Amino acid sequence: MTTHPANQQFDVIVVGAGPAGSAAALLVARAGLKVLLLERGEYPGAKNVSGAVFYGSAILNELIPNWWEQAPVERPVCRRDIAFMSPTTAVALDFRCAGAGFATAPYNGFTVLRPKFDRWLAAQAEAAGAFVLTSAVVDDVLRENGRIVGVRVRREQGEIYGKVVIACDGVNSFLAKKAGLQREFHPHELSLGVKEVLGLDPAIIQDRFHLTDNDGIAYEYLGAITEDVHGGAFLYTNRDSLSLGVIGQVSSLVERRKRPYELLERFKAHPAVAPLVRGGKLREYSAHLIPESGWAMKPKLYTDGMLVAGDAAGFCLAAGLYLEGMNYAMQSGLAAAETAILACQKGNFSARTLSVYQKNLKQRHVSTDFRAYRHAPSFVNGPRLQNLYPEMVAQGMEQIFRVDGAPKRKILPLAYRMVRQSSIKPGQLLRDVYQVARAYLW
Amino acid sequence: MVMTTHEEKMRTVRFRVGATPHIVVNSEICRNECSVHACVYVCPANLFVPLDDGGILFNYEQCFECGTCYIACNQEGAIRWSYPDGGYGVTFRES
């Protein structure tokens with residue numbers, strides 16, 4: 001290997017200081033290696049948006065015991081609601097857990113504000129010995145003899161050399177594409193999330209959402225909420241604000257010619273949502289792409305001198321019941337870090353050595369989870385399961401509960417009539433039942 | 001105030017505007033080869049303005065850098081994009 005100026009030479013270069021990158025840099029730094037964490041934002045988290053519920057509390061607890069005592073967390077999520085919506089009605093499944101790791105340590109998940117949380121996590125990597133460089137955009141990888149030996153930062157003398165590069169540069173990962181590991185995406189593989197943070201008094205939040213003290217709730221909405229756009233919506237409680245947003249498949253937004261922020265306004269105006277957001281004062285509007293296709297959009301995960309983790313690797317599980325990204329980002333970042341550490345110990349950075357990454361991803365349950373749910377995204381994020389059936393459930397409940405002097409119908413004839421009146425063919429319905437079972441049950 | 005206009009939403013977002021556009025639209029392609037103009041609808045910041053001549057005018061200053069326009073665009077070469085220079089562009093504070 002060619003030698004380069006010592007100040008430009010690192011063992012590991014991590015690109016992107018989100019949860020994947022910061023977790024990776026933290027672990028590499030703790031192994032005593034020289035690691036550089038590059039972030040294009042003014043500070044880590046400045047470019048990052050998610051719901052945001054962080055379901056990786058137990059994972060982070062292994063790295064930083066009792067991390068929630070020092071991190072900027074909002075509320076531990078102790079209630080989860082999944083609501084099926086028609087334009088005027090809603091049916092919800094309400095899960096509450098007062099103990100058993102939901103409302104008590106190590107907790108199951110926390111609502112967070114990404115610019116604050118990501119900034120804190122990067123600071124932990126820095127405290128462990130990582131060099132953190134912000135306001136640094138990486139434009140390309142550096143190659144020597146066909147292998148990746150570093151990155152090019154957009155500045156004078158921006159060539160920085162590293163034995164291993166870990167690309168954690170997010171859903172649009174320019175780096176994975178430059179390295180030839182990722183293809184261009186199709187509009188049906190990604191969803192756009194638009195979000196608002198609405199300021200609200202903590203006492204009102206506790207009363208309105210029936211929360212004890214600092215506990216929090218995560219609502220997810222399916223059905224008619226995004227009109228005919230394939231997607232859903234969410235509403236999470238923070239300490240003194242609500243995070244809420246609408247998610248729509250890009251291809252579907254295009255086909256229906258819908259503006260995402262108009263869907264957001266409709267969501268807030270829905271009779272089941274309006275009382276929850278009443279009095280909220282807009283603090284920030286934001287938007288971000290979500291790699292919703294999981295296994296189907298996974299890039300090649302490694303090559304000579306480089307690994308890919310987090311959203312850049314498509315490790316975001318968006319499959320109806322699950323809406324998780326930060327935990328998989330962190331796990332894949334850690335798996336990449338373990339791989340890079342091993343490569344440094346061996347002094348060999350070939351694709352063959354780095355292929356251990358696959359085993360590490362399995363051990364951290366990343367690839368196993370994505371493989372297990374590989375059938376879910378393409379189907380769950382489709383029109384019938386995300387929109388049509390949830391809406392039918394909501395309409396069905398309305399008919400069951402309605403007392404208007406007409407004879408009561410039993411549920412089966414009621415369901416039969418609803419299916420007959422919808423655009424669904426009986427054969428299609430049976431196939432969908434099988435698909436749901438295959439996606440979730442076995 | 002829960003319901004807000006798009007302008008009111010955008011006023012809550014902080015941008016540090018760089019000197020050079022990070023997204024370049026080839027309006028020629030928009031005018032001659034695209035009848036869909038998906039960018040106009042999907043952009044969460046509403047930055048794509050259809051022109052009378054069938055072309056597209058793009059304002060890069062208030063861009064979220066989300067990439068949706070690039071993904072949605074069905075015309076190869078119509079949108080070229082990269083990220084703004086380091087430290088420039090959108091800076092989220094609460095999301």
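**Figure 1. Chain B as a whole.** Among contacts in chain B between residues at least 6 apart in sequence, 65% join residues at least 24 apart. The model shown here and in the other figures is predicted. Chain B has 4 helices and 6 strands. Read from the N terminus, these elements follow the order α-β-β-α-α-β-β-α-β-β. The C-alpha trace of chain B spans about 40 × 35 × 20 Å along its principal axes. Chain B has 95 residues, and 56% of them count as buried.

**Figure 2. E265(A) and its contacts with chain B.** E265(A) belongs to helix α7 of chain A. Its relative accessibility is 14%, so E265(A) counts as buried. Apart from residues up to four places away in sequence, E265(A) touches E196(A) as well as V2(B), M3(B), T4(B) and K9(B). The side chain of E265(A) reaches the backbone nitrogen of T4(B) at 2.9 Å. With K9(B), the polar contact runs from side chain to side chain, at 2.3 Å. Within chain A, E265(A) and G245(A) are 20 residues apart along the chain, and their C-alpha atoms are separated by 9.5 Å.

**Figure 3. A salt bridge between the two chains, E284(A) to R93(B).** The closest N and O atoms of this salt bridge are 3.7 Å apart. The pair crosses between chains: E284(A) sits in strand β15 (residues 281-291) of chain A, and R93(B) in the segment after β6 (89-91) of chain B. Is E284(A) buried or exposed? E284(A) counts as buried, because its relative accessibility is 1%. R93(B) has a relative accessible area of 34% and is therefore partly exposed.

**Figure 4. Salt bridges around K258(A) and E227(A).** K258(A) and E227(A) meet through their side chains in a salt bridge of 2.9 Å, N to O. E227(A) is partly exposed, because its relative accessible area is 25%. Both residues belong to a network of salt bridges that links E227(A), D228(A), R256(A), K258(A) and R266(A). Over all chains, the count comes to 28 salt bridges.

**Figure 5. The salt bridge of D94(A) and R96(A).** In this pair of chain A, the closest N and O atoms are 2.9 Å apart. D94(A) counts as partly exposed because its relative accessibility is 36%. R96(A), with a relative accessible area of 47%, is partly exposed.

**Figure 6. N238(A) in a loop of chain A.** The loop that holds N238(A) runs between β13 (231-237) and β14 (241-249) of chain A. N238(A) has a relative accessibility of 0% and therefore counts as buried. Which side chain makes a polar contact of 2.8 Å with the side chain of N238(A)? The partner is S243(A). Beyond its neighbours within four places in sequence, N238(A) is in contact with E74(A), R75(A), T111(A), L113(A), I205(A) and S243(A).

**Figure 7. L113(A), a contact of N238(A).** L113(A) is placed in the loop between β6 (110-112) and α3 (114-127) of chain A. At 3% relative accessibility, this residue counts as buried. Neighbours within four places in sequence aside, L113(A) is in contact with E74(A), N238(A) and S243(A), and also with E94(B) and S95(B) of chain B.

**Figure 8. The largest pocket.** This pocket holds about 490 Å³ of space. It is lined by 16 residues, and the closest to its centre are F84(A), L385(A), Y389(A), P390(A) and V436(A). Elements that give two or more residues to the lining are β4 (73-85), α14 (383-401) and α16 (426-440) of chain A. Which element gives the most to the lining of the largest pocket? That element is α16(A), with 5 residues.

**Figure 9. The domains of chain A.** The domain assignment gives domain 1 (6-72 + 113-183 + 299-364) and domain 2 (378-440). Taken over C-alpha atoms, the centres of domain 1 and domain 2 of chain A are separated by 43 Å.

Notes:
Residues are numbered from 1 along each chain as its sequence is written. Chains are lettered from A and ligands numbered from 1 in the order in which they are written. This is a predicted model: local features need pLDDT of at least 70, side-chain atom pairs count only at pLDDT 80 or more; totals for chains, interfaces and linings use all residues. Side-chain values use heavy atoms; hydrogens and water are left out. Buried means under 20% relative accessible area, exposed over 50%, partly exposed in between (1.4 Å probe, protein chains only). A polar contact is a pair of N or O atoms within 3.5 Å; within protein, one must be able to donate a hydrogen and the other to accept it, and residues adjacent in sequence count only if both atoms are side-chain atoms. Contact means heavy atoms within 4.5 Å. Domain bounds come from an automatic or database domain assignment. A salt bridge is a side-chain nitrogen of Lys or Arg within 4 Å of a carboxyl oxygen of Asp or Glu. On a 1 Å grid over the protein atoms alone, a cavity is a set of points where a 1.4 Å probe fits but cannot get out, and a pocket is an open set with protein on both sides within 12 Å along at least five of seven lines; lining residues have an atom within 4 Å of a point. Grid points are joined across faces, edges and corners, and a volume is the space filled by probe spheres set on the points.
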